[in-house]
Amino acid sequence: MDTSCYFRDKDNTSYICQSPDLQDMDGIFIPQTLKYLKINGTGITKIPNDVLQNHTITALIINNNEKMQKISQKSFRGIEGLTYLYINGNEMIKWSRNEDSF
């Protein structure tokens, strides 16, 4: 059983992915509807394009992922209801100046 991602609350609306062993977002299950998704302290190196497409997520926190190198605007394409995005402490990200970045 994979314990890298888990529900934080009894209503199953807050989901946390947190493990240095977690390397790839394509390989994990993320529920379609969430109030809160936190990706914290993982070994993930990038947020793939469209990985959260057709998901409804109110708040997305991407925090303290030491190996994170790339997050592009296409990573969030297709998310419905996103009102809060917090990205912090992902020290390896090199923000490019091209159109594929924030």
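Predicted model: local features only at pLDDT ≥ 70, side-chain atom pairs only at ≥ 80, totals over all residues.

Biologist: Where does S72 sit?

Modeller: S72 is in the loop between β6 (70-71) and β7 (84-88).

Biologist: What makes S72 and N49 a polar contact?

Modeller: Their side chains are joined at 3.0 Å. The cut-off for such a pair of N or O atoms is within 3.5 Å, so the pair S72 and N49 gets the label.

Biologist: Why is the pair R77 and D50 called a salt bridge?

Modeller: The N to O distance between their side chains is 2.7 Å. The rule asks for within 4 Å, so R77 and D50 qualify.

Biologist: Why is R77 called partly exposed?

Modeller: R77 has 40% relative accessibility. Buried is under 20% and exposed is over 50%, so R77 counts as partly exposed. D50, at 25%, counts as partly exposed too.

Biologist: How do you know that C5 and C17 form a disulfide?

Modeller: Their S to S distance is 2.2 Å, and the cut-off is within 2.5 Å, so C5 and C17 make a disulfide. C5 is in strand β1 (residues 5-7) and C17 in strand β2 (residues 14-17), 12 residues apart.

Biologist: What makes that disulfide right-handed?

Modeller: The torsion about the S-S bond of C5 and C17 is about 115°, so the disulfide is right-handed.

Terms used: Residues numbered from 1 in each chain as written. Heavy atoms only, no water. Helix = DSSP H or I, 4+ residues; strand = E, 2+ residues; numbered from the N terminus. Polar contact = N/O pair within 3.5 Å; in protein donor to acceptor, adjacent residues only side chain to side chain. Buried < 20%, exposed > 50% of the residue type's maximum accessible area, 1.4 Å probe, protein only.
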